[in-house]
Every structure is written in C-alpha cells, then in structure tokens.
Amino acid sequence: MAHWEKEKDIVWICPNDTKGKVLTIAGLKVGLPAIPPKEEILFHDLPKEDQKWHREELPEELKEFDTDEEYQEAPKEFRARWDAYILKQWERRINGVWFYNNGEPTYLTGTHWYLLQWAKQDFGWGDYLEPQAELEYHWAACVADPRSYGQNLVKNRRFGWSTLAGNDMLETLTRTKNANGGIFSKTSKDAQDVVFQQKLVYPFNNLPFFFKPLTDGTSNPKTILSLRAPASKITKNFKKRIKSTGLHSMMRWFATANNSGDGYKFLRIIEDESGKIEKPNTIKKMWQVRKRCLEIRNTLYGKCRMGSTVNPMDKGGEEYKKLFFDGLLEGEEGSAGRDANGRTKSGLYSIFIPAYRCIIYDKYGRSVVEDPKEPIETIDGLMTEIGGKTHLNNVRDSLKDDAVAYNEEIRQMPFNIREAFMDTIESSVFNIQKIEEQRNYNDLMRRKDNPVLKGRFEWVNERFGDVKWVSDNKSPRFKIVWLQAPELRNRREKVGGAWKPMNGWMGVGGLDPYGMDTTEYGGSKGAIYFYNKDNPRAPQNTFVVQYLHRPPTLVDFYEDALKAAIFYGYPILIENSKYEIARYFIEWGFGHYLLSRPRMSVNPLSKPSDAELRKKGIPATTEIIRQLDGFTEEYINRYVGYDEEGNIGRVFFDELLEDWKKYDPHKRTKFDATVASSHALYASKMDIRGAYTPEEGGRSAPLVRQFKL
C-alpha cells in the first residue's frame, strides 16, 4: 500500500506497494508505481503518434441503468457478462492506470483517472494535463504521508484546482463509510455554488451506476450530499441490499467563519480561496480550528486540500503568505523546515506551479514552456510557434504602459512564488513593479552566481584599530556585495585628535538605531546600509552593505556600525532621536564618522551635551521625512528594476526590496530597512566637506564573486 519510507524519506503512492521512478515535487520525494508490462498499459496497441489520453464510453448495454439496484435486478446471465468490466473499473479507481502518451508510459492516480474517465463536469469531460497529473502525484503523497495534514497550492487563474479538489472529495467519500467532507471558501456563497454544486453535486449525478452509492433521495441538494439509505425502502427485495450498501457518509459546505466545522471529524476538507479572506486574523484562526478536525489524538485521520490565488497583502494576502511559507519543505526557498514531530509549521505541504506551464499544451497534454523549434499542434487543435513563457511575456509587454493592469496580470499568472505574492500597486507607496522586477532578477541570478556574501567585521589586532571582513554563513551580522581593494580599506586620518574617514568621496552610510538592550519584548532591529555614490571607480548608485540585526546590547550594535564604517572609510548619517550612538562614536574618537546636520558642528573631542549630540544626524520632522521618502522614490524609479534600455538595477538585498514594498509612511518606525537606506540616500546628496579622493594608483574591486555590473 502507499506509505512513507522513513529511511529514504520517500512517499510511495502505489496502492500495491510497487516501486518505480522517484520524483521531487515541491521538496517532497514522491515514489511512483513500477511500470507494468506493456500489454497492461492503455493504448499500447496504437501507433506512437496516436497514443494519448482518451476516455472510454460506457458500453451501450449499461447506459440504461441509473442505479446499482436496477443492475442487480437484471438477469444473472447479463450480469455475468458485465461484472468483470465493472470490477476492472473499480480496480483502476483504487490502483490507478498507466497509459502510453506519445510512447511514454504515464501514470494516472486512481483519483485522477476517476475524474477523467467518469466524473463529468459542468464543462464536459476534462483533458489529461501534465501539471495536473504532477499535482495529483503530490496530493497522493500528502494523503499517504502520516506527517502531512494535506496540500496547499498557490494557483494561477483557470488551473482547474477546484475541479481536482472536488473530485477527490467525491471519489473518497463515495467509497468510504461513516465519513465527513467539509467545504469552506472565501464566502459561503462560493462554498455552496462554486465548489459544492458545481464540483460535487453535478458530477455525482452523472456518475455511472456502479460508482454511485445510495443517497437520501435528494437529486439536487443545496447544503448536504448525504450518502444514506432512503428513509422509505424502494421495494421489499431491495431492503437487504440497501441496508448493506448505505455508506452513511456526508459532504456539505460550511459558512465562512472562524469556528465553522468545529466539532466535526473530517476525512476530507476543501479550503477554497483562503488567500482571499479579507477579515484580519481569520485565516490563521480558521486553519487552527480545522486542523483539530483532522486529528484523532496525535494521529492524522483526514486531509485538507487548500488552494488559492492571492489577494493584496492588506486584504488577506499577508496572512495566507505566512501560512504558505510555513508549509514549504526543506530545500525550498523560504522554508521553515519540519518540527521535531516531522511536520511543517502549518502542517500542510505547500506547492506552486508556474503559470507558464499551464497556458499552452501540446496535443498530448504536455506543457509547452519554451518556443518549439517547429510549429506544433496544441491540445485545442490549433498550431503554435511559441511556448507558455513567450505567450505570457507578450501579454505582459502589451500592458507595460498600464502599470495597474501589468501588475494585476503578473499577480494572476505568476512565474514564481515572488510574483504570486506580489502586492497591488495601489497598496504600495513606491513603484512595486520596479521592485518586483528586481526581485525576480535577483532570484534568477542567485541560482547562477549569488553576489551576496554573509559575515561580520572584526578588529585585526586591537580594538579601534584596523578592521577585517570575515565570511560567516552560520551566524552572520552583515551582508555585502562589494569589497574595496585592500589599499582603500581602513583609510582614515586624525584631525584635531579624532579620526576622520577618508572615503566619503566614494560612499556613505545610513543608520536606524533602536532604543533598548533587551529583546524580551521584540522591537525594532538595528539597520545599517552603505551606499556607493555616482563614482566610476566603484559599483555606483549601489547599496553594498546591509545590517539588519539586534545584538544582545546596544554597545554591540554601535561597535558593529563603527567597525563597518572604519573598514569602508564611509561617514554615516543617523536619525538624531536616539543620540546615544553619537556619544559612543565621539567618546572613542570617531565623531567625524557621523555626519552632522547641515550648518551644524560638534567638537569631536569634547564630551558634548545632549543638545549638542542632537546636532549629529537629522531630525525626523515632517519635512525631513518627506525628503527621505522622495529620495527613496527617486532612487527606485531610476535604479531598481529595468530601465528604458533594458538594464537591470543594482539592489541585491531582498530584505530591503521587501521593506520598500510594505513601507507605510504613517507607521515608519516598523520599517527599519527603509529608514536606514533613506538616510544613506540623503547622505549621498549632502556636501561632505573634506572628503578624500583615492591615492594615485588606488583601484576598486567588482562586486564579490566577480559579479559584473
């Protein structure tokens, strides 16, 4: 039977325990059944070019029967001719089938075969589509895996997920005794009309008699599909059979509310459009209730099938995003891994299938992703010269003059998880299109040659002397994308007894401090960004250093900032509301490393008063904040994403891009990265008197790992 092989961490989905090819789907190792002998594979007797999925019609002699009871009344000799056929249908339903698809042995799970062969939909009969088959493999593994509460798919438009989800509940509940199925959606009407009526009741009424169990007699139920024997027996002869075949199972939809379904024990749950529930703090609470409905003590009894497109972040998208990432398995970007019980944080296994795999199919139902070398026939009987990527990119290109429509097209037909959770332009202060273009580029680039290094800065010999960079992937404090040439590092000179940085001509820093040592109650992180100005001898107009961290004490944070400033020789601009960092720099002889407010100065050797300390940095006045936001907006429009000539921007810190996306000027204190980076941009506009130029022969280095700008 299907099972999880703990030693190899493979979930085998063959009901007969045969073992074949192993696929890795969304981080989960899924073992397919072994390929059977050729003569047991459907369509083996057809020419290769004619081998593709097609359903078999119900034999004419069986079409006259509406119920199994009617069939049982037929002459014994008649039933003897057809019992083997009916048994074969049940065998395929349980075990799945293999068919040749253009010469390739292809497996359909029993549930998927049931859909394509017998579960007629309101749109007619479905086609074999490769991404759906892959999703069904993953689902079968979720069902077989004792660690999984089920599957969570971030979907694209018209994928067919609700058809697959409804079909699984129908197939499972119509062969299981005393079981419950619950349907939930973003609204009660969606749960009733879109899923219950269209995806369960309609196909149920069109099932062949040998797959249709007894119901309570209602042919078009509005709330509950009850698989119970009728209240009154049809005839005396049927009494025994009705008694033995009534499943006493039930499928129903529930109102959209936090506690809906509480108290039920569900074998199957459908959670439709969970990413579109706008009421705050709803998705998490509802899922916590539903999880309990799938358990018997510490054992999972039932499974949930969750699928959704994604609302804007402030209308349910943010909550659903967290739920999705809490279900990513190890090896998937953003995964939180498994807990000590082997379960993901959400309990579900998350999966995403790119839209470009779901838009153009060849006549065999295989995804056409890249442009074919020669025109090919599609599953719709048309000819195409392009693949799914080109088709969708053409649509995107046609909408680039309409930022809102362009943004919505990407959100509805995403290429990757980043795009699936892209926010709407209306909900972002800055140009989200540019930010997403940069994020997508960073994702692709990272697979080839990641320019981001992680590590920390350390004193070379003595404290407050020279500083060195130490790479460290385990407990890093900094991320960098550029290291200066050795002769440009640690460049400083003493002016009036205090040290002054010598590379202000090249770059500057921005810093957003936090206020207390303790982290018991959370709070902001310390944020630092170093920015290279418009100088041809270094990667220009580029953020090259990032620090988003909250060390145990404020002194640790101050010293981290100082070490980075000494190493790069860059002055830093701070917000003067938390001026203790200024006291620290001045007392240790590095007052010149903090930029003063325009037209103000502080003696770097004296012990200044609080009022004098406030002259370091800039105040968070309404006018200053407006300027900071303006500089950030200008920078994003010019240097983030693609410009008019097709050149990509130079922001490689994804945390900064994400902070820009969410930035709310009315809740500015929550956005440490945005504040610090805006300080760096503000500093780059300041006239830094006495900024030194490099010595003759001085040179700069490219981005780390030789990434070329």
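Biologist: What makes the contact between glutamate 295 and arginine 292 a salt bridge?

Modeller: A salt bridge is a side-chain nitrogen of Lys or Arg within 4 Å of a carboxyl oxygen of Asp or Glu. In glutamate 295 and arginine 292 the closest N and O atoms are 2.8 Å apart, so the pair meets the definition. This is a predicted model, in which local features need pLDDT of at least 70 and side-chain atom pairs count only at pLDDT 80 or more, while totals for chains, interfaces and linings use all residues. Residues are numbered from 1 along each chain as its sequence is written, and side-chain values use heavy atoms, with hydrogens and water left out.

Biologist: Why is glutamate 295 called buried?

Modeller: Buried means under 20% relative accessible area, exposed over 50%, and partly exposed in between, with a 1.4 Å probe and protein chains only. Glutamate 295 has 18%, so it counts as buried.

Biologist: Why are arginine 626 and glutamate 623 about one helical turn apart?

Modeller: Because they lie 3 residues apart in helix α17, residues 622–639. A helix here is a DSSP run of H or I with at least four residues, numbered from the N terminus. The closest N and O atoms of arginine 626 and glutamate 623 are 2.5 Å apart, in a salt bridge. Arginine 626 is exposed because its relative accessibility is 52%, whereas glutamate 623, at 40%, is partly exposed.

Biologist: Which residues do salt bridges with shared partners join into one network?

Modeller: The network holds Lys321, Arg418, Glu436, Arg439, Asp443, Asp654, Glu658 and Lys661. A search of the whole structure finds 46 salt bridges.

Biologist: Why is glutamate 64 called exposed, and where is it placed?

Modeller: Glutamate 64 has 57% relative accessibility, so it counts as exposed. It sits in the loop between β4 (28–31) and α1 (68–73).

Biologist: How much of the protein is buried?

Modeller: Of the 709 residues, 56% are buried.

Definitions and conventions:
Helices (H or I, at least four residues) and strands (E, at least two) are DSSP runs, numbered from the N terminus.
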